[in-house]
Amino acid sequence: MSEQITAVDLKLLGEAIEVAGEAGARGDYPFGCVLADSEGTVIGRFGNSCFTSGDPTAHAEVGLMRDLGMQALGPVDLSKCTVYVNAEPCPMCAATMYFGGVRRIIFALGDERCRQITSRQPDAPHIEMEVRDLLGKAVQPVVILGPALEDEAAKVVDRYINGPN
């Protein structure tokens with residue numbers, strides 16, 4: 001039997017969608033994530049900051065992992081934690097979470113649907129590789145669940161691309 005998304009997971013995924021909306025509202029790409037422990041206690045939240053930081057690698061998940069590393073100033077065991085992301089992680093973010101020790105990822109907006117929305121921005125860089133394809137080759141297994149709450153997440157990304165309706 002495969003692992004299922006719980007009510008707590010959906011609540012935390014909703015928080016990641018909110019973080020993404022905050023990032024988009026300040027002028028960054030509308031992507032955000034939340035890290036929670038196995039009890040559902042939020043450990044960290046981070047929104048994309050590529051534009052406001054001037055760092056093209058400041059994706060939400062990368063920022064979260066950097067922020068945690070700076071807070072902890074040492075090894076942090078994230079193997080029992082979950083990262084909730086408003087959109088399917090790109091290869092850079094997926095690898096960063098994996099090497100940071102995350103072993104459970106839940107995303108809202110799937111890559112295919114996200115590309116349909118963002119295709120109106122032809123200059124936006126993208127690598128077409130689903131997170132399951134990349135992390136399916138990882139030595140240590142990673143639980144990947146999603147898409148879930150896809151319509152809610154799509155609205156945030158669409159609002160950023162097309163403006164408010």
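**Core and salt bridges**

Guide: The largest nonpolar core has 22 residues, and L13, V34, Y84, L109 and I117 touch the most other members. This is a predicted model. At least two core residues come from each of α1 (7-25), β1 (32-36), β3 (82-87), β4 (104-109), α5 (111-118) and α7 (150-162). Helix α1 gives the largest share, six residues.

Take V34. Beyond its neighbours within four places in sequence, V34 is in contact with residues including L12, A16, V19, V42 and Y84. Its contacts also include E15, R45 and T82. Another core lies apart, with 20 residues, among them A60, V83, M97 and F107.

Now the charges. The structure holds 10 salt bridges. In one, the side chains of D9 and R104 meet at 2.9 Å, N to O. D9 sits in helix α1 and R104 in strand β4, 95 residues apart, so this pair links distant parts of the chain. D9 is buried, at 3% relative accessibility. R104 is buried too, at 14%.

Next, R115. Its side chain meets that of D111 in a salt bridge of 3.0 Å, N to O. Both lie in helix α5, four residues apart, about one turn of the helix. R115 is partly exposed, at 26% relative accessible area, whereas D111 is buried at 8%.

R115 also pairs with E128, at 3.5 Å, N to O. E128 is exposed, at 63% relative accessibility. Elsewhere, salt bridges that share partners join E3, D9 and R104 into one network.

Technical notes: Residues are numbered from 1 along each chain as its sequence is written. This is a predicted model: local features need pLDDT of at least 70, side-chain atom pairs count only at pLDDT 80 or more; totals for chains, interfaces and linings use all residues. Side-chain values use heavy atoms; hydrogens and water are left out. A nonpolar core is a set of buried Ala, Val, Leu, Ile, Met, Phe, Trp, Tyr and Cys residues joined through side-chain atoms within 4.5 Å. Buried means under 20% relative accessible area, exposed over 50%, partly exposed in between (1.4 Å probe, protein chains only). Contact means heavy atoms within 4.5 Å. A salt bridge is a side-chain nitrogen of Lys or Arg within 4 Å of a carboxyl oxygen of Asp or Glu.
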